[in-house]
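Subject: Structure handover

Hello,

Here is the structure I promised to pass on. My notes follow below it.

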Amino acid sequence: MSFLLEVIISLFLLLGALFALVGSLGLTRLQDFFMRLHGPTKATTLGVGGMIIGSIIYFSAGDNALSMHELLIALFLFITAPVSAHIVGKAALHRQIACEERTRNIPWQQNGDD
Amino acid sequence: MLQSVIQLTMFIIALALALNLWRLCIGPSLPDRILALDTMYINAIALLVVFGMHEQKTLYFEGALLIAVMGFVGTVALSKYLLRGDIIE
Amino acid sequence: MTSFARKKVFPHKLLSLFMLGVWLVMSNSLGFGQWLLGGFLAWAIPFFTQSFWPQSMVMNKPWLAIRFLLLVLWDIVVANAQVAVLIMGPRQKLQPAFMRIPLELKQDFTITLLANTISLTPGTVSVDLQMNEGYLLVHGLHVTDVDATIAEIKSRYERPLKEIFECSNP
């Protein structure tokens, strides 16, 4: 495998891993549930996407044949991640999880005004 | 070089998994824990993909795909249970 | 009950094409047998389940759809960089807000696409859909101007979707 190819694969892997780490950091660090929802749905999904691109290049170059089936995982995750975020958020809304004070337009507090 | 980058990647993902585990333990609410589990399975997929590269086998792909499918179903089932108190309506 | 005579041979052409593509990618080969098996499955599954899927999806402007897909992919990358910066930055300065986005879209499939797009792009996650009141509840991680954000989502994502899928049958 050529050196340039190794550098490209390493870049994708490290970028993906960093995004996954940032998503998990957001899950740990932010204050209320709805803010935590943002980290995993975006950063982690893109992180897995980056690592999968790295894996596709690695196996395609190693076997000298295009190996695309990892792409299915990325496709599936990009379809399901918003759906699971939506339904977890819906469950949290239903239970009226405590929000940060400064959140505007909290739905269950303004039912009276409109 | 690539082998050490792969090991570094695995280390970073393991760190992310540890952070998720911390969130899973401290909660504080049930949706938080579901979200932590959800993130954990996505990170587990990433770990499996990178581990497949480490071992130079495509075998682990099937495992990763299965985790992706089952994890999604699990998240939806748990949330559905919180929403309705029942999974299959 | 749909009678057998009224069944279409290809009820969902795009879905069939998509299934064939997924099959070929999954089997990781382009051999003749895979084309045959994938083609059979891509025909048989939509055909025998068509009574569960009454709405057929019509795509009016394929080129616009490709442009929209590229726009969304680009936005996903940008959104991730932005959210990463927000997460690493000082958390006391974040201004989270709930927003109600009034919907012009009518079909279930298009609304699903819109909600998914919103969840994957800059700092917003769709959390609830009120079909009878016709709005989508969206949570934003860091929103400085609520009305401007709503207007941007409507012009950037809802209008192309409406043009692609719903314009010909108003």
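Across the interface of chain A and chain B, the rule finds one salt bridge (a side-chain nitrogen of Lys or Arg within 4 Å of a carboxyl oxygen of Asp or Glu). A:R36 forms a salt bridge with B:D32, with 2.4 Å between the closest N and O atoms. Please read all of this as a predicted model: local features need pLDDT of at least 70, side-chain atom pairs count only at pLDDT 80 or more, and totals for chains, interfaces and linings use all residues. Residues are numbered from 1 along each chain as its sequence is written, chains are lettered from A and ligands numbered from 1 in the order in which they are written, and side-chain values use heavy atoms, with hydrogens and water left out.

Polar contacts come next. Seven residue pairs, both at pLDDT 80 or more, are in polar contact across the interface of chain A and chain B. A polar contact is a pair of N or O atoms within 3.5 Å; within protein, one must be able to donate a hydrogen and the other to accept it, and residues adjacent in sequence count only if both atoms are side-chain atoms. By class, the side of chain A that touches chain B has 30 nonpolar, 10 polar and five charged residues. Here Ala, Val, Leu, Ile, Met, Phe, Trp, Tyr, Cys and Pro count as nonpolar, Asp, Glu, Lys and Arg as charged, and the others, Gly among them, as polar.

Now the extent of the interface. Chain A brings 45 residues to the contact and chain B brings 49 (contact means heavy atoms within 4.5 Å). The area buried between the two chains is about 4,200 Å², and carbon and sulfur atoms give 81% of it. Buried area is the accessible area (1.4 Å probe) that two parts lose on being put together, summed over both. A:L27, A:Y58 and A:I73 supply 13% of the area that chain A buries against chain B, more than any other three residues.

On to chain A itself. Its C-alpha trace spans about 65 × 25 × 20 Å along the principal axes. Buried residues make up 61% of its 114 residues (buried means under 20% relative accessible area, exposed over 50%, partly exposed in between; 1.4 Å probe, protein chains only).

One residue in chain C is worth a look. C:L94 is buried, with a relative accessible area of 3%. Leaving out residues up to four places away in sequence, C:L94 touches A:L30, A:M35, A:R102, C:L86, C:L141 and C:H142.

Best wishes
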